Amino acid sequence: MSEPTILVTREAGFRIVTLNRAERLNAFTDAMHEELRAALDAAKADEDCRALMITGAGRGFCAGQDLNDRLLKPGEKPVPRESLEKYYNPLVRRLRRLPFPVVGAVNGVAAGAGANIALACDIVIAAQSANFTQSFARIGLVPDSGGTYLLPRLIGEARARALMLTAQPVPAAQAAEWGMIWRCVADDQLMPEATALCAQFAAAPTQGLALIKRALDASPTNSLDEQLDLERDLQREAVMLPDYAEGVRAFMEKRKPQFRGRK
Ligand code: T3D
């Protein structure tokens, strides 16, 4: 039997999803998309899951689409690909809409759709030796998986435009300095740091964090007035949650809160 292309490790309160095609720098096949979708849906369905880490096996994080599946035979005509509609776009939407934080632990090169899937995570920590490459222009493609939306908003139009048109790799330290990612850490600190963050989220007021994600996701296209209204509406939901009552009670009693999370 062939090895699974996605590995899932269950920890206390969170899951680690590992992209597992190390020999191809974890490039995506259709089968891998299907397995990843199942892993994300299973995490979402599990009320005990309060955070998710995504990382890659071997020396890479993800090299985007597996180009072996796109090589035309001599004389073969290109056919329209539905991979964005069928796989990449739903993946980005799924990641953004998970009702808990998603931590991208970028262990090595993140290229093409692999780079933009990393950026779609809520928090990205990268190993010092990792880099991010909008490699699409090297093969005549358009940056996808939300890259043309997220990258200019993260690092500004000038840098995003240059990176996408030149396909120049950005080392992790530079990515952190530019605000493309949260942190760059020593290689041997990547998993300890990402795990500690997930463990923190596993004890957090998860439904409140999900509301924060909703507010931030709406922010780039909302006016200030629209965003103020949204904050009001989301806060109305937040104050009704049991974790808010517990947070206030714990604060007044000077003790650590015991949040219920998703229950
Ligand atoms: O058609 C559609 O569905 C449209 C959707 C597109 C979405 C996309 O993601 S398009 C972008 C696809 N990805 C790329 O263009 C990146 C291709 N890879 C690279 O440019 C380089 O591999 C890296 C910069 C990522 C890393 O370079 P390096 O020198 O560290 O490693 P390497 O030697 O190039 O790669 C190691 C192996 O992985 C190698 O195989 P080998 O020679 O050892 O048998 C290489 O061929 C393989 N590999 C890396 N990336 C891919 C890949 N094999 C297939 N597809 C890949 N994307």
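Grid points are joined across faces, edges and corners, and a volume is the space filled by probe spheres set on the points.

The model is predicted, and local features need pLDDT of at least 70 and side-chain atom pairs 80 or more, while totals for chains, interfaces and linings use all residues. I number residues from 1 along each chain as its sequence is written, and side-chain values use heavy atoms, with hydrogens and water left out.

**Cavities.** I find 2 cavities of 30 Å³ or more. The largest cavity holds about 80 Å³ of space, and its lining consists of Phe28, His33, Leu36, Arg37, Leu40, Lys86, Tyr87, Pro90, Leu91 and Arg94. Helices (H or I, at least four residues) and strands (E, at least two) are DSSP runs that I number from the N terminus. Helix 1 (30–45) and helix 2 each supply at least two residues of this lining, and helix 2 gives the most, with 5 residues.

For classes I count Ala, Val, Leu, Ile, Met, Phe, Trp, Tyr, Cys and Pro as nonpolar, Asp, Glu, Lys and Arg as charged, and the others, Gly among them, as polar. The lining of the largest cavity then divides into 6 nonpolar, 1 polar and 3 charged residues. The second largest cavity holds about 30 Å³, and its lining, which includes Leu119, Phe132 and Gln134, has 6 nonpolar residues, 1 polar and no charged.

The largest pocket has a volume of about 890 Å³; among its 29 lining residues, Arg96, Cys121, Asp122, Leu150 and Asp217 are the closest to its centre. I note that helix 2 (83–97), strand 7 (123–127), helix 4 (147–155) and helix 8 (206–218) each supply at least two residues of this lining. At least three residues of the lining of the largest pocket come from each of domain 1 (6–202) and domain 2 (206–253), with bounds from an automatic or database domain assignment. By class, the lining of the largest pocket has 17 nonpolar, 5 polar and 7 charged residues.

The second largest pocket contains about 600 Å³ of space. Of the 22 residues that line the second largest pocket, Gln65, Leu67, Phe136, Ile139 and Leu141 lie nearest its centre. Helix 2 provides the largest share of this lining, 3 residues, and the lining divides into 11 nonpolar, 7 polar and 4 charged residues.

**Ligand.** Which residues are the closest to the ligand? Of the 25 residues that surround the ligand, I list Ala63, Gln65, Leu67, Arg70 and Ser83 as the closest, a residue being near if one of its heavy atoms lies within 4 Å. Helix 2 and strand 6 each supply at least two residues of this shell, which has 11 nonpolar, 6 polar and 8 charged residues.

The distance is 2.6 Å for Arg70, 2.9 Å for Arg59 and 3.2 Å for Arg24. Taken alone the ligand exposes 1,000 Å², of which the protein buries 66%, with accessible areas from the Shrake-Rupley method and a 1.4 Å probe.

Key: 1 Å grid on protein atoms, 1.4 Å probe; cavity = no way out; pocket = protein on both sides within 12 Å on 5 of 7 lines; lining within 4 Å. Polar contact = N/O pair within 3.5 Å; in protein donor to acceptor, adjacent residues only side chain to side chain.
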